[in-house]
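Reader: I've got a structure I'd like to talk through with you. Could we go over its helices first and then some of the loops?

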Amino acid sequence: MSQANFYPGPSRVYSNVTEYIYEAYMEGYMSVNHRSEQFMELYRNVKEELRKKLLVPEDYEILFTSSATESWEIIAQSLTTAASHHFFNGSFGEKWSSYAEQITKVTKTQFGINEKLPTSDVASGTDILCITQNETSNASMVSMEVLRTLRRENDGKLIAVDVTSSLGGVQLDFGSADVWYGSVQKCLGLPAGLGVMIVSPNAVARAVRIGENKRYNSLVRLLDNAAKNQTSYTPNVLGIYLLYRTQQVSKSIDQVETKLKNRMDAYYELFQQTEGISFLVEQEALRSATVLALTTSSPEEVKTLALDRGIVLGNGYGPWKKSTFRIANFPAIKTKEVEKMRDFFRRYSP
Ligand SMILES: *Cc1c(COP(=O)(O)O)cnc(C)c1O
């Protein structure tokens with residue numbers, strides 16, 4: 001790939017995917033039956049690999065969907081009876097609440113990008129709390145500490161967490177929530193078209209108790225099949241294979257997280273010294289570890305100049321579309337690409 005791609009999704013894919021696609025073809029994965037032993041073995045292997053590399057607990061089930069958006073609907077239709085409570089400070093969290101609203105009753109807490117999530121602000125009559133851990137639109141994040149506080153203060157409620165742009169880059173404390181989901185085209189460095197959902201024993205029990213089974217992607221249906229290492233419909237087997245192979249050669253998540261943190265520290269230093277560019281989120285503790293949103297007077301100009309040098313920066317998103325540009329800090333990005341981008345900003349002046 002000649003361009004250095006820093007778009008925060010769809011984003012740069014791991015460079016060994018071409019090799020794995022060839023391998024998948026040669027080994028018959030592209031036309032494998034999803035009830036066959038070959039597929040079931042792949043499903044077993046990918047679960048084992050995700051438990052090993054991302055530290056997913058043994059008793060959490062791992063499911064495949066088509067996207068993170070699909071998880072918004074699954075949670076609303078299959079895990080919510082009375083209402084879901086949504087905390088958000090950006091576009092993805094807000095969209096999640098509006099999708100849920102079409103299906104169930106919703107209550108909301110909107111908070112500022114420079115504020116800590118207000119954990120005590122939970123409406124009564126809520127079954128499930130919904131948190132966007134890494135808000136890709138403004139590059140803010142909710143810490144594991146905040147999730148643990150929510151967990152402590154909300155006994156009996158489920159907690160669902162959108163980790164679409166942090167899964168695979170940040171060490172997640174899976175025990176502090178019940179449903180974790182994302183899709184592979186961000187931090188997992190793969191082509192789009194596959195979603196992952198990680199579900200606690202409590203969430204499984206809740207899904208079974210509710211027993212919602214009217215839809216093709218009803219959670220009980222997905223869980224029944226996953227228990228047999230199968231899926232309810234013909235899945236994106238190639239995507240699952242690529243996830244398996246890329247995770248197999250990945251370092252464990254603590255090492256990946258350290259690599260990204262070191263890069264982020266270097267970005268902090270760089271952008272402190274870059275005239276006319278500053279972080280949208282002011283407090284360092286509230287900033288995402290995997291996406292940067294940077295404010296500047298003319299994001300268009302920065303992006304155009306960068307593109308001339310073969311560097312693709314991400315557009316701003318939602319309310320921040322015109323005032324920011326974004327940079328992915330995802331593991332598939334190569335050190336030499338990071339160097340090239342840093343070098344561009346070292347020379348940049350408005
Ligand atoms: C990209 C993104 C989504 C949507 O992902 P899809 O795979 O397109 O459904 C949802 N939430 C967050 C935080 C995202 O970054």
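Author: Happy to, and keep in mind that this is a predicted model.

Reader: How many of the 12 residues of α8 are buried?

Author: Buried here means under 20% relative accessible area. In α8 that goes for V237, G239, I240, Y241, L242, L243, Y244, R245, T246 and Q247. So α8 is mostly covered, and the count of buried residues is 10 of 12.

Reader: What span should α8 have at 1.5 Å a residue, and how far apart are its end C-alpha atoms?

Author: The expected span is 1.5 Å times one less than the number of residues. For the 12 residues of α8 that gives 16 Å, which agrees with the distance between its end C-alpha atoms, 16 Å.

Reader: Are α2 and α8 parallel, perpendicular or oblique to each other?

Author: Two packed helices are described by the angle between their axes and the distance between the axes. Helix α2 (residues 37–54) and helix α8 (residues 237–248) pack at about 40 degrees, with axes 9 Å apart. Angles under 35 degrees would count as roughly parallel, and 65 to 115 as roughly perpendicular. The pair is therefore oblique.

Reader: Which residues of α8 meet α2, and is the crossing left-handed or right-handed?

Author: From α2, the residues in contact are F39, L42, N45, V46, E49, L50, K53 and L54. Their partners in α8 are V237, I240, Y241, L243, Y244, Q247 and Q248. As for the hand of the α2 and α8 crossing, it's left-handed.

Reader: Over to α11, then. Where around the axis do its buried residues lie?

Author: The buried ones in α11 are E337, V338, M341, R342, F344 and F345. They cover an arc of only 155 degrees around the axis, which puts them on the same side of α11.

Reader: What do the buried residues of α11 pack against, and which exposed residues sit on the face turned away?

Author: On the buried side, the packing partners are β1 (4–5), α9 (253–273), α10 (299–308), β13 (311–312) and β15 (324–328). The face turned away from that side carries exposed residues, namely T335, K336 and R347.

Reader: Now the loops. Which peptide bond is cis?

Author: Most residues other than glycine have a negative phi, and most peptide bonds are trans. P10 sits in the loop between β1 and α1. With omega near -10 degrees, the cis bond is the one from G9 to P10.

Reader: Is L55, with its positive phi, buried or partly exposed?

Author: L55 lies in the loop between α2 and β2, and its phi is near 60 degrees. Its relative accessibility is 42%, so L55 counts as partly exposed.

Reader: And N229, which also has a positive phi: buried or exposed?

Author: N229 is in the loop between α7 (219–227) and α8, with phi near 55 degrees. Its relative accessible area is 10%, and the cut-off is under 20%, so N229 is buried.

Reader: Last one: which residues does S200 touch, leaving out those up to four places away in sequence?

Author: S200 is in the loop between β10 and α6 (201–210). At 2% relative accessibility, S200 counts as buried. The residues S200 touches are Y60, A177 and D178.

Notes. Residues numbered from 1 in each chain as written. Predicted model: local features only at pLDDT ≥ 70, side-chain atom pairs only at ≥ 80, totals over all residues. Heavy atoms only, no water. Buried < 20%, exposed > 50% of the residue type's maximum accessible area, 1.4 Å probe, protein only. Helix = DSSP H or I, 4+ residues; strand = E, 2+ residues; numbered from the N terminus. Arc of directions from axis to C-beta. Contact = heavy atoms within 4.5 Å. Axes fitted to C-alpha atoms, helices over the stretch in contact; angles between N-to-C directions. Parallel < 35°, antiparallel > 145°, perpendicular 65-115°, else oblique. Left-handed = near helix turned anticlockwise from the far one by under 90°.
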